[in-house]
Structure formats: C-alpha cells, structure tokens
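This report describes local features of one protein model. Sequence and structure are shown first, and the text follows them.

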Amino acid sequence: MVNPTCALCGQQAESEHLPLTWVTSMENGRRLVYCDRCARENVRSIESKLDSAWW
C-alpha cells in the first residue's frame with residue numbers, strides 16, 4: 001500500500017496509515033488528504049467546504 005500524500009504540499013506520511021492529525025476531504029468525488037500544517041493554514045476554507053481550487 002502507498003503512504004498517504006498531502007494534496008497541497010506533497011508531504012508523505014511516515015506509514016501507510018493516515019496520521020490522526022491529517023484531514024480528509026471529498027472534492028468532486030475524489031478523496032483528498034491534507035497534512036496537519038496545510039490543514040491548519042486552510043482550516044476556515046475546509047470548514048466552509050470550499051474546493052481547494054479556491055484556496
């Protein structure tokens with residue numbers, strides 16, 4: 001299995017399991033994950049359910 005990769009910065013998780021601090025988002029039918037740093041920087045946009053293209 002492949003290690004999860006952040007959809008914004010490309011950081012990879014250390015194992016194949018998604019870290020608890022990472023965020024999962026469904027956009028246009030795709031499951032995207034964001035690392036803790038990118039999630040913190042964009043938390044308001046994520047909570048507003050804006051597509052990442054608007055960030």
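Is Glu27 buried or exposed?

The model is predicted. Glu27 is buried, as its relative accessible area is 6%, and the cut-off for that class is under 20%. The residue belongs to strand E1. Its C-alpha lies 8.9 Å from that of Lys49, although 22 residues separate Glu27 and Lys49 in sequence.

Strand E1 also holds Ser25. The side chains of Ser25 and Glu27 are joined by a polar contact of 3.4 Å. Ser25 has a relative accessibility of 15% and therefore counts as buried. When residues up to four places away in sequence are not counted, Ser25 touches Arg30, Arg31, Leu32 and Tyr34.

Strand E1 covers residues 23-27 and strand E2 covers residues 30-34; the two pair in the antiparallel sense, over five bridges. Within this pairing, Thr24 has Val33 of E2 as its bridge partner.

Two residues lie between the strands of the hairpin. Asn28 is in this loop between E1 and E2. Its phi is positive, at about 50°, although Asn28 is not a glycine. Most residues other than glycine have a negative phi. Asn28 is exposed, because its relative accessible area is 72% and the exposed class begins over 50%.

Trp22 is placed in the segment before E1. With a relative accessible area of 9%, Trp22 is buried.

Leaving aside neighbours within four places in sequence, Trp22 is in contact with Pro4, Thr5, Cys6, Gln11, Gln12 and Ala13, and also with Val33, Tyr34, Cys35 and Asp36. For Trp22 and Asp36, the C-alpha to C-alpha distance is 4.9 Å, while the two residues are 14 apart in sequence.

## The nonpolar core

Which residues form the largest nonpolar core? This core has eight residues: Cys6, Ala13, Trp22, Leu32, Val33, Tyr34, Cys35 and Cys38. Strand E2 supplies the largest share of the core, three residues.

## Cysteines without a disulfide

How many disulfides does a search of the whole structure find? The search finds zero. A disulfide is a covalent bond between the sulfur atoms of two cysteines. For Cys35, the closest cysteine sulfur is that of Cys38, at 3.7 Å, which is too far for a bond, because the cut-off for a disulfide is within 2.5 Å. Cys38 is likewise in no disulfide, and its nearest cysteine sulfur is that of Cys35.

Are Cys35 and Cys38 buried or exposed? Cys35 counts as buried because its relative accessibility is 0%. Cys38, at 4% relative accessibility, counts as buried too. Cys38 touches Cys6, Leu8 and Cys9, with residues up to four places away in sequence not counted.

Conventions:
Residues numbered from 1 in each chain as written. Predicted model: local features only at pLDDT ≥ 70, side-chain atom pairs only at ≥ 80, totals over all residues. Heavy atoms only, no water. Pairing = 2+ DSSP bridges. Helix = DSSP H or I, 4+ residues; strand = E, 2+ residues; numbered from the N terminus. Buried < 20%, exposed > 50% of the residue type's maximum accessible area, 1.4 Å probe, protein only. Polar contact = N/O pair within 3.5 Å; in protein donor to acceptor, adjacent residues only side chain to side chain. Contact = heavy atoms within 4.5 Å. Core = buried A, V, L, I, M, F, W, Y, C linked by side-chain atoms within 4.5 Å.
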